Amino acid sequence: MGRALLCVGKYAETPYYFDKMCVNVYCAEELCYLFASNPFMIDNDIMDKELVRWLDQECGLPDLSHELLLLFNRGSQPGIFVNTILDYVNYCTPGQRAKIEEARKSSAGLNDYERKKKQADFLLKNQRIRLALDEYDRLLRQLPEAESALKPSIYHNIGVAYTGFFMFDMAARYFKRAYDMSGNQESGVQYLAAKRLSLHEEAYVSFIAEHGEYHELSLLVEKKLMDAKGQFEASEEKRMMSALGIYKDEGNVASYYEEIDKVISGLKDTYRKFVEA
């Protein structure tokens, strides 16, 4: 369960529109959510006096707006501007704040397309898979030929995103695009791993037999699978599954279904986070 957030101010009748992200926000909490979800887009354009006016007049937060106006007079940087808003709303934990600041600083010197890719990568790393896929798709449609060197990494990460949805056939397509364009070994290994998970074992064996060019990569895939199996055997998930088996064998129905409910609840929470828009 996430931590409770005490809302501040009021819900605006007229939203504030962010041109760069093509989105409306209606309250201070939505504004903070936007900053936290898009740290690579925090730049000088964020420091808009119209935003300060909106927080005052539409959200009923004159103290915050006064504090932000003082920052303009002092020539403060975008990071300080955003942190002031996050502090006032008490939106982020210290750990979340550190991630946002790290992401923001790492975008220094990047062009707009590199920054957008970093933004999508940030969402993927933080398990916001649906949002990450949307960002990658938008970036691919905007990417000029001069920036095509970004494509293999984008395709690879789209493959990673689809594995999060267990859509291994789709993942394999994008890993193959990345591998064909770059020859990157990791993309090739992930392509075959996704193929292995999307096909029946006999079909996968036949596929490798017909494509000798993937023989060496297929050996790496098998090693990775064996390593993953070993890690699972030593994991908390394996311990929990063993406990469930014991409960079932002993006829301890109450404990069995109690643990099953916990597992299902956890999986539901994870799925909601993956598909959150």
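**Close-up 1. Lys-116 in helix α6 of the predicted model.** Helix α6 covers residues 112-125, and Lys-116 lies in it. Lys-116 has a relative accessibility of 18%, so it counts as buried; the cut-off is under 20%. Setting aside neighbours within four places in sequence, Lys-116 is in contact with Met-41, Leu-139 and Gln-142. Glu-29 is 87 residues from Lys-116 along the chain. The C-alpha atoms of these two residues, Lys-116 and Glu-29, are separated by 23 Å.

**Close-up 2. The crossing of helices α7 and α8.** Helix α7 spans residues 129-142, and helix α8 spans residues 151-164. Their axes come within 10 Å and cross at roughly 155°. That angle is over 145 degrees, so α7 is roughly antiparallel to α8. The crossing is left-handed. From α7, the contact uses Ile-129, Leu-133, Tyr-136, Leu-139 and Leu-140. From α8 come Lys-151, Ile-154, Tyr-155, Asn-157, Ile-158, Ala-161, Tyr-162 and Gly-164. By type, the residues of this contact are 10 nonpolar, 2 polar and 1 charged.

**Close-up 3. Helix α9 packed with helix α10.** Residues 168-182 form α9, and residues 185-198 form α10. The two pack at an angle of about 155°, with axes 8 Å apart. They are therefore roughly antiparallel to each other. Their crossing is left-handed. On the α9 side, the contact is made by Phe-168, Asp-169, Ala-171, Ala-172, Phe-175, Lys-176, Ala-178 and Tyr-179. On the α10 side, the residues are Ser-187, Gly-188, Gln-190, Tyr-191, Ala-194, Lys-195, Leu-197 and Ser-198. The contact of α9 with α10 divides into 9 nonpolar, 4 polar and 3 charged residues.

Note on methods
Residues are numbered from 1 along each chain as its sequence is written. This is a predicted model: local features need pLDDT of at least 70, side-chain atom pairs count only at pLDDT 80 or more; totals for chains, interfaces and linings use all residues. Side-chain values use heavy atoms; hydrogens and water are left out. Axes are lines fitted to C-alpha atoms, for helices over the stretch in contact, and angles run from 0 to 180 degrees between N-to-C directions. Helices (H or I, at least four residues) and strands (E, at least two) are DSSP runs, numbered from the N terminus. Angles under 35 degrees count as roughly parallel, over 145 as roughly antiparallel, 65 to 115 as roughly perpendicular and the rest as oblique. A crossing is left-handed if the near helix is turned anticlockwise from the far one by less than a right angle, and right-handed if clockwise. Contact means heavy atoms within 4.5 Å. Ala, Val, Leu, Ile, Met, Phe, Trp, Tyr, Cys and Pro count as nonpolar, Asp, Glu, Lys and Arg as charged, and the others, Gly among them, as polar. Buried means under 20% relative accessible area, exposed over 50%, partly exposed in between (1.4 Å probe, protein chains only).
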